[in-house]
Amino acid sequence: MGRIYNFSAGPSILPEEVLKQAADEMLDYQGSGMGVMEMSHRSKVYDGIIRHTEEMFRKVMGIPDNYKVLFLQGGATTQFAMVPMNLLAKNGVADYVLSGNFSTKSWEQAVKIADAHGKTINVAATTKAENFARIPAQNELKLSPNADYLHICENNTIYGSKYNYVPDVGAPLVSDMSSCILSEPVDVAKYGLIYAGAQKNIAPAGLTVVIIRDDLLYDPLPGTPIMLTYAVQAKNDSMYNTPSTYSIYMAMLVLEWIERTGGLSAMKARNEEKAAVLYDYLDSTDFYKTGIVKENRSMMNITFNTGNEDLDAKFVKESAADKMSNLKGHRAVGGMRASIYNAMPKAGVEHLVAFMKKFEKENS
Ligand code: PMP
């Protein structure tokens with residue numbers, strides 16, 4: 001079987017030309033006589049790779065000079081702990097917006113850490129009572145006057161919703177961008193800290209990217225492990241221990257691909273076009289339902305269902321027989337989810353919509 005359209009939420013599809021380039025360089029990276037996976041992270045050749053990956057992040061995302069770019073491990077989930085362990089050490093108060101599954105998890109982790117240190121975590125807003133069908137608006141946010149930060153999850157991978165504004169707050173804004181980073185331009189200067197697990201739009205799993213403003217590199221809460229201290233990671237250029245070397249190299253290739261194909265503005269235009277193919281169809285039929293309000297729809301993760309669990313299961317099964325995979329929705333939501341990250345070609349979305357039309361005809 002050849003390659004199929006992989007709609008996985010993560011780890012997910014990577015650009016085919018990047019995979020081919022990596023395959024070409026697998027045994028001998030640019031005349032070094034070895035593959036990138038086999039290299040010492042302290043070697044001159046590898047140093048060139050990690051530094052160029054950072055340069056590419058800075059260039060593609062327009063990251064200002066007063067921010068560090070860190071290449072960490074432990075996934076975005078480790079950031080749920082690192083953020084409070086480091087940032088609560090100033091005033092000891094932080095605000096969280098709960099807009100879905102991962103923002104709730106990050107809040108639960110922060111509460112644990114805050115409780116152990118006598119610090120305070122407030123819920124600035126939540127749409128849980130509405131089954132996370134929308135993102136809280138700016139004027140709903142109850143902000144603490146002395147908060148060390150406000151935490152948001154910018155794109156809800158499971159529910160398929162996304163912020164359509166950047167909260168304007170006094171405190172540093174901390175954003176989990178795991179499932180939307182590199183999908184469109186962002187004004188990094190509006191954020192104090194951005195983090196993302198790599199396994200959607202950046203690279204294979206095993207790498208977590210953190211973009212942190214210099215003034216947030218202060219001493220963490222007492223007892224914070226060295227590896228979980230931003231200031232230590234920054235001072236050591238993400239080389240306090242062995243970083244996720246191959247994923248960092250893959251990130252470099254993906255960033256070069258983004259730049260070659262027009263950068264983040266062009267990426268956004270392509271993503272909008274792809275998402276419209278699916279949303280326009282969903283809006284034109286009553287057979288499929290969506291649970292997210294229009295203004296908060298995600299371009300990356302699109303959720304829908306037929307309103308009938310048996311039919312949903314049939315959809316997933318039959319789509320798998322038609323060159324598509326991973327269309328089953330997350331168990332927390334049910335139904336279907338199409339994750340159409342940067343690397344998903346428009347042809348993949350068109351293939352899905354053609355299948356959806358056929359399925360509707362056969363089952364309505
Ligand atoms: N945040 C978001 C928005 C996610 O989508 C995910 C994973 N899908 C996570 C956090 C957790 O990431 P990880 O598995 O890298 O810890």
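Analyst: Quick ground rule first: helices (H or I, at least four residues) and strands (E, at least two) are DSSP runs, numbered from the N terminus. This is a predicted model, where local features need pLDDT of at least 70 and side-chain atom pairs count only at pLDDT 80 or more, while totals for chains, interfaces and linings use all residues. Residues are numbered from 1 along each chain as its sequence is written, and side-chain values use heavy atoms, with hydrogens and water left out.

Now the ligand. Its shell holds 13 residues, and the closest are Thr77, Thr157, Asp176, Gln199 and Lys200; a residue is near a molecule if one of its heavy atoms lies within 4 Å of it. Helix H3 (residues 75-87) gives the largest share of that shell, 4 residues. By type, the shell splits into 7 polar, 4 nonpolar and 2 charged residues. Here Ala, Val, Leu, Ile, Met, Phe, Trp, Tyr, Cys and Pro count as nonpolar, Asp, Glu, Lys and Arg as charged, and the others, Gly among them, as polar.

For polar contacts, look for pairs of N or O atoms within 3.5 Å. Thr157 puts a side-chain N or O atom 2.4 Å from a ligand oxygen. Ala76 works through its backbone instead, with an N or O atom 3.0 Å from an oxygen of the ligand. Asp176 has a polar side-chain atom 2.6 Å from a ligand nitrogen. On its own the ligand would expose 400 Å², and the protein buries 84% of that (Shrake-Rupley areas, 1.4 Å probe).

Next, some helix packing. Helix H1 (residues 16-24) packs against helix H6 (residues 245-260) at an angle of about 130 degrees, their axes 10 Å apart. The axes are lines fitted to C-alpha atoms over the stretch in contact, with angles from 0 to 180 degrees between N-to-C directions. That makes H1 oblique to H6, since under 35 degrees counts as roughly parallel, over 145 as roughly antiparallel, 65 to 115 as roughly perpendicular and the rest as oblique.

Pro11 sits in the loop between strand E1 (5-6) and H1, and a cis peptide bond with omega of about -10 degrees joins Gly10 to Pro11. Asp237 sits in the loop between helix H5 (230-235) and H6; its phi is near 50 degrees, a positive value in a residue other than glycine.

How values were computed:
Polar contact = N/O pair within 3.5 Å; in protein donor to acceptor, adjacent residues only side chain to side chain.
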